[in-house]
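Please work through the following exercises with the sequence and the model open beside you, and try each task before reading its solution.

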Amino acid sequence: MSEKKFSEKEQLLLGTCPERKAQWSIDESTGLAVVETGKTQNSWFEKFIGKNSSNESQLELDEFSSEAWKLCDGRTSFLSISRKLKRKLGDEAEPLFDKLSNLIKQLEENGLLVLRAPLPLDEELTTDEFAL
């Protein structure tokens with residue numbers, strides 16, 4: 001497999017620290033994260049939402065998204081989150097960078113998390129090295 005270097009923008013994302021803004025809980029029967037979303041603005045969420053009332057909605061995350069969400073504490077970098085997901089979920093996490101970056105983007109666009117200032121990376125990573 002040929003190595004592909006991350007773009008400057010992707011390198012910057014690897015150091016960011018996503019932080020949850022929304023209220024959330026763990027569904028005791030499934031162990032999955034349930035996020036209080038309010039009104040959503042993106043159809044990507046709609047297939048996951050179950051309405052609690054006319055003013056409130058919830059998003060029950062799948063296993064990958066739940067594990068990522070739990071790690072979005074504002075102190076753990078995107079890179080560290082990806083490595084922890086890879087250890088916990090193995091090949092089910094693949095394609096890791098794409099899945100995690102899309103999830104973080106959607107959560108940020110819908111106001112459910114913010115990206116904290118990037119941490120400096122000690123190394124320049126390639127896509128082949130990313131999830132090691």
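Contact here means heavy atoms within 4.5 Å. The structure is a predicted model.

**Exercise 1.** Determine which residues of helix α1 are buried, and which elements they pack against.

Solution. Begin with the helix itself, which covers residues 8-15, and list its buried residues, namely Glu10, Gln11, Leu13, Leu14 and Gly15.

**Exercise 2.** Describe how helix α3 packs with helix α4, and by which residues the contact is made.

Solution. Take the geometry to start with: α3 (residues 63-71) and α4 (residues 78-89) pack at an angle of about 135°, and their axes are 10 Å apart. Because angles over 145 degrees would count as roughly antiparallel and those from 65 to 115 as roughly perpendicular, α3 is oblique to α4. The crossing of α3 and α4 is right-handed. From α3, the contact is made by Glu63, Phe64, Glu67, Ala68 and Leu71, and from α4 by Ile81, Lys84, Leu85, Lys88 and Leu89. Sorted by class, the contact of α3 with α4 holds six nonpolar and four charged residues, but no polar ones.

**Exercise 3.** Find which element has the lowest mean pLDDT and which the highest.

Solution. For the protein, the mean pLDDT is 79, and 73% of the residues reach 70 or more. Among its elements, strand β1 (residues 17-20) has the highest mean, 96, whereas strand β4 (residues 49-51) has the lowest, 39. Over residues 48-55 the pLDDT is below 50, although this stretch has 15 contacts in the model beyond near neighbours in sequence. Where pLDDT is low, the predicted coordinates should not be read in detail.

Key:
Residues are numbered from 1 along each chain as its sequence is written. This is a predicted model: local features need pLDDT of at least 70, side-chain atom pairs count only at pLDDT 80 or more; totals for chains, interfaces and linings use all residues. Side-chain values use heavy atoms; hydrogens and water are left out. Axes are lines fitted to C-alpha atoms, for helices over the stretch in contact, and angles run from 0 to 180 degrees between N-to-C directions. Helices (H or I, at least four residues) and strands (E, at least two) are DSSP runs, numbered from the N terminus. Angles under 35 degrees count as roughly parallel, over 145 as roughly antiparallel, 65 to 115 as roughly perpendicular and the rest as oblique. A crossing is left-handed if the near helix is turned anticlockwise from the far one by less than a right angle, and right-handed if clockwise. Ala, Val, Leu, Ile, Met, Phe, Trp, Tyr, Cys and Pro count as nonpolar, Asp, Glu, Lys and Arg as charged, and the others, Gly among them, as polar. pLDDT is the predictor's confidence in each residue, from 0 to 100. Buried means under 20% relative accessible area, exposed over 50%, partly exposed in between (1.4 Å probe, protein chains only).
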